[in-house]
Amino acid sequence: MFLERFIKKAFISFYEDDSKYKILIEIIKNDKLIESQIKELNDKKELKELIKEIKEDYPQHYISTFLQTINQGVVPSCNKQEYLKREIEIENINYICIKNRYSFFVSMYDLVKLKKEYNFNIDFIFSIFAPIDIYAKKKDNYMYVLILNNQITIIAYKENIPIYADISFIEKNKISQEEPEDVELLEDIDIEEEISEDIEEEAENMELEESKNDLEKTETEFQIIETLKKSIKEYYEHYSDDFLEKIILLDTIEMGDTIKKLIEDELLMDNEIVKFDLLKTLNSLAKGEINV
Amino acid sequence: MYSFTKAKKKNYFKEDTKLWLIFYFISVFLYVSFALFLLVKSYFYTKYYQSNNQNIMILNTKISSLSLQKENIKLQKTLYENIMVKNSLIKDSIKNLLDLIPDPITLNKFLLKKNSLIIYGITPTKDVYNLLMLPPLESIFSNTKTIFYQMPNGWYKFKSINTLKGNNETAFN
């Protein structure tokens, strides 16, 4: 429509990661990006308020997110029989066929639950595999691993069709809860001593924070390696007899290069870490849905 | 198409923008209508003006023609008045003349001109004429000449030529 050239469109993508909400707002006018802002929100209330404001400012807004539940997957066919073979009940799922070759499915219950979870209308709900699928260029014996703070999503392609997909969650040890607190009586406190103790405590806390972060990172890397081991084993045992050429890690949490070395050493596989903008990819998918 | 859901149809404008646009379009519509009204009015006014101009031209022509007629009528009126005055004068002159004629003298005819009077008539005697008629004629005219012709019964036909000074003549029978 002629008017569309003069009207701003807001593409909003968000997802929950480690109890925080990451949101990207892109303002587009006449197919040109005129404003982009990324935010990290602490709770759902903030997210709802921000989206409410954007909705009021931009009547042409498109909100998109993806499903993070485990009850979703890929089937290397669009045929219902293939679902029946895999003992997936068609009536309990919602599936979409991609290029008439393969399909993504999600549990109907999870889809409805996600819609009800927010008081705003989500225009596009994608499978978590969709952003990976749209990004993946080489799709023959390639494994793509999307890493979020609390989730690992794996999809493996053979002859341009995803034949294997898996979702697993990263469990983190709650180190902060291990700190016992000493209770002192007020009259026992010596001010000078207290201040010097505070400074020491602060320095100790900083060190502890750093070591906690390192520990968390190592835990994540360990879990990624373990998940990959399990997935590769499963892949070779049940899905393909061909060798995987490469693992592409789609990094959204700034992992660093250690994981690359670990995969090479532990799994003996060629791999590559790619900085992945998941929110931007979601917005690209949304734009594809409305042909912008 | 990767989405499990379809986007709802979006409005192009905010609610307050919609209201604002409605008022804007109403005012534009009113402006345009008023402009059209003025255009039509001006068109008809131009037409009316042209037709009036034509009427004025026609009326001007009529006025000039009427002025001519008026002039003619004025001339005719003057002429008529002149004629009336002259007729009245002539009438008076004839009355005076007829009053001049004594009973014994009979007039056959007379020619009354601007500066002359010629009288043809019959008188029983030259003396009757010379006593009763000649004196008043001589008192009026500067020159009076009478020619007598005796008829078989002894009476006289006469022709009296009386002239005033000047030669312009206008004859009346």
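I looked up strand E10 of chain A and its partner E11 (residues 161-169): the two run antiparallel and are joined by eight bridges. Strands pair here if DSSP finds at least two bridges between them. The strands themselves (E, at least two residues) and the helices (H or I, at least four) are DSSP runs, numbered from the N terminus.

This is a predicted model, in which local features need pLDDT of at least 70, side-chain atom pairs count only at pLDDT 80 or more, and totals for chains, interfaces and linings use all residues. Residues are numbered from 1 along each chain as its sequence is written, and chains are lettered from A and ligands numbered from 1 in the order in which they are written.

I checked who faces whom: Ile155(A) stands opposite Ala165(A) in E11(A). The hairpin of E10(A) and E11(A) has two residues between the strands, and Glu159(A) there takes a positive phi near 50 degrees.

I then went to the other side of the sequence. E9(A), residues 142-147, pairs with E10(A) in the antiparallel sense over six bridges. Tyr142(A) stands opposite Tyr157(A) in E10(A). These two strands also form a hairpin, with three residues between them.

Is E10(A) enclosed or open? Six of its eight residues (151-158) are buried, so E10(A) is largely enclosed by the rest of the structure. Buried means 20 or more other C-beta atoms within 10 Å of the residue's own, with C-beta atoms placed from the backbone.

Last, I noted the whole chain. Chain A has seven helices and 13 strands. Of its 292 residues, 29% count as buried.

Conventions: A residue is buried if 20 or more other C-beta atoms lie within 10 Å of its own, exposed if 12 or fewer, and partly exposed in between; C-beta atoms are placed from the backbone.
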